[in-house]
Amino acid sequence: MAQNAKNEKADAILGTYKVTHGGHLTKVRVFKQKNGTYTAQCYWIKDSLDPKTGKLLLDVKNPDKSQRNTPCNKAILIQGLKYNENKKCWDGAKVYDPTRGIKANCVVEFDADGRLKVKGSLMGISETSYWTPIK
């Protein structure tokens with residue numbers, strides 16, 4: 001029974017979210033991997049077409065060169081996120097900011113309003129974005 005309660009708390013992150021970051025409106029889906037970790041992947045971006053070519057924008061700033069041909073509306077933003085029962089948050093992964101092409105350590109938790117608070121930290125500098133659940 002205690003394991004089910006733990007899984008329910010950990011799985012509370014599952015779902016879809018609206019994210020505004022760097023002037024871009026995005027929709028993100030958080031899903032669970034077979035190994036029990038959580039992944040956040042973009043599935044929609046407003047204005048995702050290149051105004052010059054009309055083609056879908058690619059993730060050209062990704063530090064992983066093998067991912068630079070990935071359409072921007074399929075970018076993996078967080079991978080390997082784990083629920084930390086002691087801290088009542090998700091951590092142990094990096095968040096990817098495709099607008100700047102950087103990855104930062106992240107901690108994810110729900111705020112009092114039910115939004116997902118995603119805090120990225122790199123070299124002592126932190127930035128927080130809020131993901132609003134889509135119902």
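User: Where in the chain does Ala12 lie, in terms of helices and strands?

Analyst: Ala12 lies in the loop between α1 (2-11) and β1. Helices (H or I, at least four residues) and strands (E, at least two) are DSSP runs, numbered from the N terminus. The model is predicted, so to speak of local features requires pLDDT of at least 70, and side-chain atom pairs count only at pLDDT 80 or more, whereas totals for chains, interfaces and linings use all residues. Residues are numbered from 1 along each chain as its sequence is written, and side-chain values use heavy atoms, with hydrogens and water left out.

User: How is the exposure of Ala12 to be read: buried, partly exposed or exposed?

Analyst: The classes rest on relative accessible area: buried is under 20%, exposed is over 50%, and partly exposed is in between (1.4 Å probe, protein chains only). Ala12 has a relative accessibility of 40%, and therefore counts as partly exposed.

User: Which residues does Ala12 touch, once those up to four places away in sequence are set aside?

Analyst: A contact means heavy atoms within 4.5 Å. With those sequence neighbours left out, Ala12 touches Tyr17 and Phe110.

User: What can be said of Ala40: is it buried or exposed?

Analyst: Ala40 is buried, because its relative accessible area is 2%. The residue belongs to strand β3 (residues 38-45). Its contacts, not counting residues up to four places away in sequence, are Val28, Arg29, Val30, Ala75, Ile76, Leu77, Ile78 and Trp131. Ala40 and Asn84 are 44 residues apart along the chain, with 17 Å between their C-alpha atoms.

User: How many cavities of 30 Å³ or more does the whole structure contain?

Analyst: The search uses a 1 Å grid over the protein atoms alone; a cavity is a set of points where a 1.4 Å probe fits but cannot get out, while a pocket is an open set with protein on both sides within 12 Å along at least five of seven lines. Lining residues have an atom within 4 Å of a point. Points are joined across faces, edges and corners, and a volume is the space filled by probe spheres set on them. In this model the search finds 1 cavity at that cut-off. The largest cavity holds about 50 Å³ of space. Ala40 is one of its lining residues, together with Ile13, Val30, Tyr38, Thr39, Ile78, Leu81, Val108, Leu116 and Trp131. The elements that give two or more residues to this lining are β3 and β4 (76-84). Strand β3 gives the most, with 3 residues.

User: What is the phi value of Asp47, and what is that of Met123?

Analyst: Asp47, although not a glycine, has a positive phi of about 60°. Asp47 is placed in the loop between β3 and β4, and is exposed, with a relative accessible area of 63%. Met123, also a residue other than glycine, has a positive phi near 50°. Met123 is in the loop between β7 and β8 and counts as exposed because its relative accessibility is 78%.

User: Which pattern does the protein chain follow along the sequence?

Analyst: The chain has 1 helix and 8 strands, in the order α-β-β-β-β-β-β-β-β. Its radius of gyration (taken over C-alpha atoms) is 15 Å, close to the 14 Å that the globule rule gives for 135 residues, so the chain is as compact as a globular protein of that length. The rule is 2.2 Å times the number of residues to the power 0.38. Along its principal axes the C-alpha trace spans about 55 × 35 × 30 Å. Of the 135 residues, 32% count as buried. Among contacts between residues at least 6 apart in sequence, 37% join residues at least 24 apart.
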